[in-house]
Amino acid sequence: MKKINGVSILVFLLFSCVCSLQAEPFPEIIGEKGMGVLSVHQITLNADANEKEFEAFVINELLPFYNKVEGQTGLLTKGDRGMRTGHYAIVLIFDSLADRDRIYPPEGGISEDFEKILEGQDKLWDTLGSFVEGNPFGNHTDYVNIVL
């Protein structure tokens with residue numbers, strides 16, 4: 001029997017909850033038909049990182065920039081059970097594949113609109129790097145909602 005990892009369960013539960021809402025009360029998160037993309041970015045904190053400071057930084061300083069981009073919503077999550085208990089993930093929710101591809105083109109980089117929003121914010125990446133191991137946006141998987 002195949003072992004199911006904690007991230008797979010998190011994605012399934014998030015998608016199940018979000019898509020079961022259909023249109024209310026969070027239509028801006030799921031789009032009109034509940035079709036979208038979840039991009040789960042696993043985060044590993046440095047051994048000396050303060051969790052409360054990390055949480056405050058991501059919620060108050062980093063995610064507001066992501067949430068300014070139309071078609072994208074960012075969340076900070078923390079494992080409660082399973083293989084990644086106590087570990088963090090930044091989850092980006094896109095209304096559609098088209099939104100994900102518009103914001104993060106398949107050829108790489110980010111959209112001009114997002115670049116403008118992030119202009120002059122280089123300190124964000126330095127601060128994030130002081131909390132985490134490696135590239136937090138390199139260790140990710142995009143999950144696409146399957147609608148039958």
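**View 1. Ring pairs link Phe54, Phe57, Tyr88 and Phe131 into a cluster.** Rings of Phe, Tyr and Trp (for Trp, the six-membered ring) are paired if their centres lie within 6.5 Å, and planes under 30 degrees apart count as stacked, those over 60 as edge-to-face and the rest as tilted. The structure is a predicted model in which local features need pLDDT of at least 70 and side-chain atom pairs count only at pLDDT 80 or more, whereas totals for chains, interfaces and linings use all residues. Residues are numbered from 1 along each chain as its sequence is written, and side-chain values use heavy atoms, with hydrogens and water left out.

**View 2. Aromatic pairs at Tyr104, one with Phe94 and one with Phe114.** A search of the whole structure finds six aromatic pairs. Phe114 belongs to helix H5, 10 residues apart from Tyr104 in the loop between H4 and H5. Phe94 counts as buried because its relative accessibility is 2%, and Phe114 is buried with a relative accessible area of 1%; buried means under 20% relative accessible area, exposed over 50%, and partly exposed in between (1.4 Å probe, protein chains only).

**View 3. Asp99 in helix H4.** Asp99 is buried, with a relative accessible area of 15%. Its side chain is joined to that of Arg102 by a polar contact of 3.0 Å, the term denoting a pair of N or O atoms within 3.5 Å, of which, within protein, one must be able to donate a hydrogen and the other to accept it, while residues adjacent in sequence count only if both atoms are side-chain atoms. Leaving aside neighbours within four places in sequence, Asp99 is in contact (heavy atoms within 4.5 Å) with Gly71 and Phe94.

**View 4. The largest nonpolar core, with 25 residues.** A nonpolar core is a set of buried Ala, Val, Leu, Ile, Met, Phe, Trp, Tyr and Cys residues joined through side-chain atoms within 4.5 Å. Leu45, Phe54, Leu62 and Ile90 have the most contacts inside this core. Strand E1 (37-43), H3, E3, H5 and helix H6 (122-131) each supply at least two of its residues, and the largest share, seven residues, comes from H3. Beyond its neighbours within four places in sequence, Leu62 is in contact with Phe57, Ile90, Leu124, Trp125, Leu128 and Phe137. Another core, of five residues, lies apart from the largest one and includes Leu38, Val40, Ala89 and Ile93.

**View 5. Helix H1 (residues 6-20), where the mean confidence of the protein chain is lowest, at 42.** The value used here is pLDDT, the predictor's confidence in each residue, from 0 to 100. The highest mean, 97, belongs to helix H3 (residues 51-66), and the protein chain averages 81, with 75% of the residues scoring at least 70. Over residues 1-31 pLDDT stays under 50, and the model has 41 contacts beyond four places in sequence for them. Where pLDDT is low, the predicted coordinates should not be read in detail.

Terms used: Helix = DSSP H or I, 4+ residues; strand = E, 2+ residues; numbered from the N terminus.
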